[in-house]
Amino acid sequence: MSIMKKFALLALFATSASAFAFTPRASSTSATTSNKLGGFVPPPASKGLAGATSQSTSLALSTSGGASAAAAPAESGSSLKESLEVGSYFALWYLFNIGYNIYNKQALNALAFPWTIATIQMATGILYFAPLWLLGLRKAPKLSLAELRTLVPIALCHTGVHVGAVIALGAGAVSFAHIVKASEPVVTCGCNALLLGEILPMKVYATLLPIIGGVAIASMKELSFTMLALASAMLSNVSSSLRGVLSKKTMSGKKIGENLDAQNLYAVLTAMSTVMLIPMMLAIEGTGFLPAFRAAVKGGSFTNKSLSTLLLLGGATYYLYNEVAFLALGKVNPVTHAVGNTIKRVVIIVASVVAFKTPMSTGSIIGSSIAILGTLLYSLAMNSVKK
């Protein structure tokens, strides 16, 4: 508990110190962001406009990041309130993200069943949005079988994003998984060029060089390097990029179902991914999780309640950091989004090193710094291209 309090202070310090530098926006009809860890951050959708809603739900799955901020003058009297609100959202985003990585790694250290843990985490999200639908607090989406079939390939990629990240976190250090995840822009550019024929300006491709070089340096010098961690993190990257490509090809400009705003789209994909993961989990890991759970409790490190709570906290923080990120990134401009994502990655790496006392070599620190800087430059370059 004391460790989590330290992380809370760390995240609050990082966000409150920069809260007044954030540039809130008055409104926006669409926003596209990527959480870069293994899920997407849904943007706000324009209610009542079928075309805008459809566009926003498809863009929510894109991995390009950023959004065009609406050029509307803000009231001077509300600017302080906006800044404090955005700072609070960023603090919660970081806290939930840090919490997820720590709870996830602790669970994986206790139970070496990444597919089962990934399934539990995905299914936990249903406990959040299903009551909202049943109680009428959020309008439930309505989809035909044909529309559900349209979402199947995207849900499969969504599953790969999460499973790849969980396996990577279990196979190596949390810091190393995030370093490799920083190379996602490289995969995204490749997939967009091969599958969509999208050729970007040279300045965008130039920003990929420090990402590639930084990840390579960090991988060579990483003390906890394993091929499984590297391959799984890259699986998450590829799945995330393919998810963005598929969303553009199958959903752009189309109206999918009713009440399918970005938050409900994320919920639907969570439910579909859970259904997909259950047979995969049973095929790969069987039912060995239950004996392992009992053995961990018998070993004295956990009780039934504490270990169950740990697993549920991992799932809850996974879903909640995506929800809070939606609120945070829906209120800031693209540059702030890029900076916020960069700070988030640094905070998570530092927090994981402190929590698990994972040593990082000088080469790994240098390589990760170069790679993370490269992702920031990539986001800024992409945003300038979109303008």
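Helices H10 and H16 are roughly antiparallel to each other, because the angle between them falls in the class over 145 degrees. The structure is a predicted model, in which local features need pLDDT of at least 70 and side-chain atom pairs count only at pLDDT 80 or more, while totals for chains, interfaces and linings use all residues. Residues are numbered from 1 along each chain as its sequence is written, and side-chain values use heavy atoms, with hydrogens and water left out.

H10 (residues 208-221) packs against H16 (residues 362-386) at an angle of about 160°, with the axes 7 Å apart. Axes are lines fitted to C-alpha atoms, for helices over the stretch in contact, and angles run from 0 to 180 degrees between N-to-C directions. Helices are DSSP runs (H or I, at least four residues), as strands are (E, at least two), numbered from the N terminus. The crossing of H10 and H16 is left-handed, that is, the near helix is turned anticlockwise from the far one by less than a right angle. Contact (heavy atoms within 4.5 Å) involves residues of H10 including Leu208, Ile211, Gly214 and Lys221, and residues of H16 including Gly363, Gly367, Ala371 and Tyr378. The residues of this contact divide into 9 nonpolar, 7 polar and 1 charged. Here Ala, Val, Leu, Ile, Met, Phe, Trp, Tyr, Cys and Pro count as nonpolar, Asp, Glu, Lys and Arg as charged, and the others, Gly among them, as polar.

H10 also packs with helix H8 (residues 184-196), at an angle of about 130° and with the axes 9 Å apart. H8 and H10 are therefore oblique to each other, and H8 passes H10 in a left-handed crossing. Pro185, Val186 and Cys189 of H8 meet Leu208, Ile211 and Ile212 of H10. This contact has 6 nonpolar, no polar and no charged residues.

The axes of helix H4 (residues 114-124) and helix H5 (residues 126-134) come within 5 Å and cross at roughly 20°. This makes H4 roughly parallel to H5, a class for angles under 35 degrees. Met122, Ala123 and Thr124 of H4 are in contact with Ile126, Leu127 and Tyr128 of H5, giving 5 nonpolar, 1 polar and no charged residues.

The whole structure contains 12 aromatic pairs, counted where rings of Phe, Tyr and Trp (its six-membered ring) have centres within 6.5 Å. The rings of Phe90 and Trp93 have centres 5.4 Å apart and planes at 80°, so the pair is edge-to-face (planes over 60 degrees apart). Both residues lie in helix H3 (residues 76-110), 3 residues apart, about one turn of the helix.

An unreviewed UniProt entry annotates transmembrane regions, among them residues 156-179 and 302-321; such annotations may be inferred rather than shown by experiment. Residues 156-179 are 92% helix and 0% strand, with end C-alpha atoms 24 Å apart. Residues 302-321 are 90% helix and 0% strand, with end C-alpha atoms 26 Å apart.

Methods:
Angles under 35 degrees count as roughly parallel, over 145 as roughly antiparallel, 65 to 115 as roughly perpendicular and the rest as oblique. Rings of Phe, Tyr and Trp (its six-membered ring) pair if their centres lie within 6.5 Å; planes under 30 degrees apart count as stacked, over 60 as edge-to-face and the rest as tilted.
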